[in-house]
Amino acid sequence: MVSAQSAEVGGSTRRRPPLPVKLVIAGGFGVGKTTTVGSISEISPLTTEADMTSAAAGIDDASKVPGKRTTTVAMDFGCITIDESLKLYLFGTPGQDRFGFMWDDLAIGAIGALVIVDSRRLDDCYPAVDYFERLGLPFVVAVNRFDGAVAHDLPSIRWALAVDDAVPLITFDARDKLSVRDALLVVLDRALAKARAAQTER
Amino acid sequence: MTRDKTPTERTAGALVRPFLSGDGAGGVDGAHGTDDRADAPVPDGALRPFLLTAGRVAGQDSIAIETQVVTTDTGRTAVDQLGFERRDIVSLCGNPLSVAEIAAQLSLHLGVVRVLVGDLSADGHLSVYLPNADASTDVDTLLRVIRGLRAIG
């Protein structure tokens with residue numbers, strides 16, 4: 001039975017690749033997407049960064065993000081081998097709005113999304129929230145605890161974001177592997193609940 | 001996918017490398033690419049990435065970024081007869097790799113890789129395993145992912 005992988009195109013091969021599944025890591029500029037991917041990925045995140053002083057100067061506003069010198073202009077991603085026949089990919093969305101047209105590539109077929117929020121700059125995550133709501137992709141809003149602190153309490157953040165009560169709102173630490181793992185598990189829970197609901201309808 | 005490597009890191013075929021003169025060579029062309037595959041800015045003066053594909057940008061829509069690619073026996077035999085990027089891809093995929101990883105490791109534009117992988121697959125040099133579209137909503141698959149994540153300690 002060919003359940004894990006559907007069509008194979010081309011000639012014969014020796015080794016069957018794992019079934020790839022993916023999660024999207026989204027959020028505004030400088031919220032910690034690359035850090036999040038790097039904390040849990042088993043490979044160093046494959047990242048494309050351009051120096052702020054050349055490509056992105058005047059476009060990205062790094063003044064609000066002390067110490068941030070570069071920004072991701074293409075996607076960055078990592079992976080986690082779940083078992084020998086299943087591999088989870090984590091794709092970080094490009095940090096700028098002008099790359100928004102690439103999001104479909106990342107989001108179509110994804111399990112769900114983690115929308116990372118910097119509580120000092122909530123509006124940065126509006127495009128991501130809008131996008132996933134429209135797509136109907138399960139997502140979780142995760143407030144990154146920069147330096148252990150969150151600027152507003154969660155109810156205020158939920159109010160400001162105007163996300164549905166059903167959308168989980170959590171805090172996590174992008175630098176901490178287990179914290180990232182737990183955040184991803186919340187996304188998986190959402191996706192599982194949705195998949196089970198769809199299954200019952202059938 | 002492409003902007004982090006300097007031209008000097010690549011030798012063969014460097015003349016047609018995308019974003020070749022990218023060291024601050026001017027404005028980012030935000031309006032570049034009316035098709036949704038052209039997902040990176042092109043600095044002024046750089047050769048266009050899709051030169052590598054004879055201008056084709058369509059590729060196979062079915063090839064997603066996480067699509068797994070493996071070199072076939074045919075590909076292994078023919079690798080020396082292939083041109084620069086095609087040879088790089090066929091050499092790289094002895095073990096399964098995703099399209100995204102190929103693009104990152106070879107510093108190639110994702111859209112370019114999609115087209116080239118489609119070609120190489122049509123020629124029998126690569127096997128392309130199209131992702132099961134239902135995997136992300138399959139309860140058993142999701143449970144496996146959850147178990148796998150919980151095992152991370």
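Residues are numbered from 1 along each chain as its sequence is written, and chains are lettered from A and ligands numbered from 1 in the order in which they are written. Because the model is predicted, local features need pLDDT of at least 70 and side-chain atom pairs count only at pLDDT 80 or more, while totals for chains, interfaces and linings use all residues.

View 1. Chain A has five helices and nine strands, where helices (H or I, at least four residues) and strands (E, at least two) are DSSP runs numbered from the N terminus. From the N terminus on, the order in chain A is β-β-α-β-β-β-β-α-β-α-β-α-β-α, whereas chain B, with five helices and three strands, runs β-α-α-β-α-α-β-α. Of the 202 residues in chain A, 49% are buried, and of the 153 residues of chain B the buried share is 48%; a residue is buried if 20 or more other C-beta atoms lie within 10 Å of its own, exposed if 12 or fewer, and partly exposed in between, with C-beta atoms placed from the backbone. Two residues are in contact if their C-beta atoms, placed from the backbone, lie within 7 Å. Among contacts with a separation of 6 or more in chain A, 70% join residues 24 or more positions apart, and in chain B 63% of the contacts between residues at least 6 apart join residues at least 24 apart.

**View 2. Helix H5 of chain A and the elements that cover its buried residues.** The 25 residues of H5(A), residues 177–201, should span 36 Å at 1.5 Å a residue, and this agrees with the 36 Å between its end C-alpha atoms; the expected span is 1.5 Å times one less than the number of residues. Buried residues of H5(A) include Val180(A), Ala183(A), Leu184(A), Val187(A) and Arg190(A). Their cover includes strands E2 (19–27), E7 (112–117), E8 (139–144) and E9 (169–172) and helix H1 (33–40) of chain A, together with helix H5 (139–150) of chain B.

View 3. A nonpolar core is a set of buried Ala, Val, Leu, Ile, Met, Phe, Trp, Tyr and Cys residues joined through C-beta atoms within 7 Å. The largest such core has 83 residues, and those with the most contacts inside it are Leu23(A), Ala113(A), Leu114(A), Val115(A), Ala142(A) and Val117(B). H5(A) gives the most to this core, with eight residues. Leaving aside neighbours within four places in sequence, Leu114(A) is in contact with Leu23(A), Ile25(A), Val140(A) and Ala142(A), as well as with Ala183(A), Leu184(A) and Val187(A).

**View 4. The crossing of H1(A) and H5(A).** The axes of these two helices come within 8 Å and cross at roughly 100 degrees, which makes H1(A) roughly perpendicular to H5(A). Axes are lines fitted to C-alpha atoms, for helices over the stretch in contact, and angles run from 0 to 180 degrees between N-to-C directions. Angles under 35 degrees count as roughly parallel, over 145 as roughly antiparallel, 65 to 115 as roughly perpendicular and the rest as oblique. Thr36(A), Ser39(A) and Ile40(A) of H1(A) meet Lys177(A), Val180(A) and Arg181(A) of H5(A). By class, this contact has two nonpolar, two polar and two charged residues, where Ala, Val, Leu, Ile, Met, Phe, Trp, Tyr, Cys and Pro count as nonpolar, Asp, Glu, Lys and Arg as charged, and the others, Gly among them, as polar.

**View 5. The crossing of H2(B) and H4(B).** The axes of H2 (residues 84–92) and H4 (residues 110–122) of chain B come within 10 Å and cross at roughly 75 degrees, so that H2(B) is roughly perpendicular to H4(B). Glu85(B), Arg86(B), Ile89(B) and Val90(B) of H2(B) make the contact with Leu116(B), Val117(B) and Leu120(B) of H4(B). The contact has five nonpolar, no polar and two charged residues.

View 6. Ala162(A), in the loop between helix H4 (154–161) and E9 of chain A, has a positive phi near 55 degrees although it is not glycine, and is exposed, with 8 other C-beta atoms within 10 Å. Ser107(B), in the loop between helix H3 (99–105) and H4 of chain B, likewise has a positive phi, of about 55 degrees, but counts as buried with 20 C-beta neighbours inside 10 Å. Gly109(A), in the loop between helix H2 (103–107) and E7 of chain A, is buried with 21 such neighbours, and its contacts beyond four places in sequence are Ala64(B), Pro131(B), Ala133(B) and Ser136(B).
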